[in-house]
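Hi there,

Here is the structure I promised to pass on. Have a look at it first, and then read my notes below.

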Amino acid sequence: MDISVTLFGGLRHYLPAGSSFNKCKIDVDEGSSLAALLQKIPVPPDKPYMVILNDEKVASDQFDEINIQADDEVVLLPPIKGG
Amino acid sequence: MAWQQNILRVNLSKGSCDFEPLNMDWANAYLGSRGLGSKYLYEEMDPAVDALSTENKIIFATGPLTGTMASTSGRYTVVTKGALTGAIACSNSGGKFGGELKNAGYDMLIIEGKSDKPVYLHIEDDKVEICDAGDIWGKTVWETEDILAAKYGDPLMRFAGIGQAGETRCRYACVVNDKHRAAGRSGVGAVMGSKNLKTIAVRGTVGTPAASKEVYHKINEINARMNDREGMARDGTLAMMDVTNGFGSLPTRNNRSVRFEGANKLNPEAMHTPNPDGHTNIVTNGACFGCTIGCGRICKIDPNHWSVKDRPEYQGASGGLEYETAYALGAACGVDDIDAATFAGFICNEYGMDPISLGGSIAAAMELFDIGAIDESTTGGIKLEFGNAEALCQISELAGKGEGFGADIAMGSKRLCEKYGHPDLSMTVKGQEFAAYDGRSMQGMGLAYATSNRGACHLRADPYEHDFDTTEIAGKAQVVAESQRLVAFMDSSGLCLFPAGCGWGTEDYCELVDLVCEGDWNTEARMVETGERIWNLEKLFNLKAGLGKKDDTLPKRILEEPADVGTGKGLVCRLDEMLPEYYAINGWDAEGVPTRDTLNRLGID
Ligand code: SF4
């Protein structure tokens with residue numbers, strides 16, 4: 001199933017080719033965990049981000065616990081300072 | 001050493017312009033710019049004077065690195081008692097004015113007294129004159145700059161001045177330099193206006209001294225360490241909009257909500273994507289003097305948009321929406337029209353108003369309108385409803401001119417909400433409107449707002465990483481107190497804060513300061529102590545001005561109404577739990593007053 005993933009700020013740089021401005025679709029098997037989905041997004045491991053799943057922030061220790069559903073919306077936000 | 005060791009002191013009452021040496025003992029203790037300007041103000045003026053009185057002084061202070069080849073070295077600070085807050089005001093600006101002032105041979109410009117008629121200051125190196133401003137009084141910032149640029153015929157002359165908002169004492173009038181860079185906050189432009197000083201025109205050919213060729217090369221080596229600038233150049237600070245909206249900390253409709261359904265019409269994607277007319281809001285990015293980041297947004301309003309349709313003067317490219325402007329003139333007012341918000345931003349630059357306080361004041365008025373405390377008979381027929389983009393543009397222009405209901409908006413939301421009987425609807429601290437972060441989902445920011453010496457401000461502390469990590473309050477007081485010191489140091493260097501998000505660490509600031517100042521500045525201990533000394537001095541100024549613990553607080557909404565959505569859903573700001581710890585960390589007593597031991601440790605008399 002294709003999951004909609006949005007990458008904001010500098011993370012946009014790592015969108016797969018053919019993505020729109022900041023969105024891509026990531027194909028995962030049904031029943032996959034959020035961790036499995038995140039592994040498929042080509043953001044280098046040294047680039048930290050926070051994950052918003054359906055408008056709620058998800059703590060990193062929950063990534064393995066949560067199973068992704070077909071209509072889920074995943075957003076990755078980079079750490080950023082104010083301005 | 002990059003100091004000119006020279007101050008220009010202008011007394012507008014006497015009509016005198018004098019040079020005096022920079023107090024190097026104070027520079028060694030308070031560094032420069034924000035810190036050193038505050039020291040001069042604290043020593044020379046009674047903090048209890050009325051901000052708009054002749055007794056208030058206004059200081060334009062550069063830092064040791066201003067005007068050097070260090071990246072982002074165009075910064076200067078306007079230090080005075082704020083017309084909006086009655087607290088110390090230190091408003092930082094970039095552009096090219098600060099570097100030009102330094103290159104003209106001055107570390108600092110101190111303005112005192114009041115002229116009995118409108119004047120402007122003309123500085124070309126050591127030639128300084130107070131000139132009649134009769135023909136530019138009443139003009140906008142843009143017109144003033146064009147008239148004087150044509151008069152002097154020097155394309156490198158730089159200007160820092162006020163528009164009609166400063167002349168009419170709009171409480172959040174700012175000082176605008178280079179047409180769209182501003183010492184924005186706390187009403188420093190109203191102070192300038194109260195002195196009948198329209199603008200400062202400066203041209204410098206003296207240059208800023210660098211110690212040696214080795215220093216020059218070393219600075220360039222440090223510049224090259226700033227290796228993560230791409231995102232900031234492409235999206236500017238506006239990148240934050242998606243982060244706060246996703247997280248649930250984007251203040252919306254006067255903080256009734258923390259998420260704005262129209263954020264995707266104001267974010268970087270909206271700015272970069274052509275509209276159905278084929279018009280793209282952003283034209284290019286822009287940079288201040290010596291900056292290798294270039295976070296500025298240079299934007300154009302769609303010429304077919306109703307706001308500028310028959311107004312070609314607004315159809316050119318100028319300073320566009322940064323994150324704070326997009327929040328204040330967008331989400332805070334429930335407006336999702338990027339062209340309208342850009343137009344209101346242009347009006348701020350043209351008339352000389354702080355867009356954060358303008359947007360916050362309009363948002364408060366929209367809530368007053370919504371609950372029926374004011375109506376169209378009050379607003380002069382303007383339907384001041386949340387989301388009404390035309391009303392936003394109309395009222396912005398009126399506020400800039402101080403006309404009609406715009407004169408009420410120009411009072412700032414605190415005075416406005418008091419006037420109409422609902423003081424709790426003012427989203428302010430010490431009378432200054434919130435920046436673009438909600439203090440419920442970002443508890444550290446709540447504490448930072450409450451304790452900021454210049455009133456609510458997002459640039460006096462750096463709780464971002466901690467706040468985006470957790471809403472638990474453990475550790476927040478420490479993060480806020482420590483980062484307030486670091487930011488005070490960085491602000492006083494003459495550099496911008498943004499390199500710290502683009503690859504530099506605080507150690508790079510220390511190393512740069514060390515390269516251009518005498519003595520050993522390349523230690524974390526000195527950086528922290530200097531920042532702490534500045535923070536305490538600002539606090540003492542405020543205490544003497546009559547502000548105290550009662551002013552280190554937040555609006556009732558943030559303390560009692562839980563956030564409606566997002567990461568902080570259900571939370572209020574737990575300020576009462578964080579504040580005592582914060583005072584203790586600072587070495588202040590339970591009333592928030594620095595103890596004698598603390599002041600002795602910092603060498604403050
Ligand atoms: S980073 Fe932005 S605000 Fe800072 S100096 Fe550069 S252009 Fe100016």
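How many residue pairs are in polar contact between domain 2 of chain B and domain 3 of chain B? There are five, both residues of each pair being at pLDDT 80 or more; a polar contact is a pair of N or O atoms within 3.5 Å, where within protein one must be able to donate a hydrogen and the other to accept it, and residues adjacent in sequence count only if both atoms are side-chain atoms.

Before you go on: this is a predicted model, where local features need pLDDT of at least 70, side-chain atom pairs count only at pLDDT 80 or more, and totals for chains, interfaces and linings use all residues. Residues are numbered from 1 along each chain as its sequence is written, chains are lettered from A and ligands numbered from 1 in the order in which they are written, and side-chain values use heavy atoms, leaving out hydrogens and water.

Now back to the interface. Domain 2 covers 230-247 + 252-426 of chain B and domain 3 covers 461-602, with bounds from an automatic or database domain assignment. Their C-alpha centres lie 28 Å apart. Together they bury about 1,400 Å², 68% of it on carbon and sulfur atoms (accessible area, 1.4 Å probe, that two parts lose on being put together, summed over both). On the domain 2 side, B:F247, B:I293 and B:D424 supply 39% of the buried area, more than any other three residues.

The rule also finds two salt bridges across this interface (a side-chain nitrogen of Lys or Arg within 4 Å of a carboxyl oxygen of Asp or Glu).

Happy exploring!
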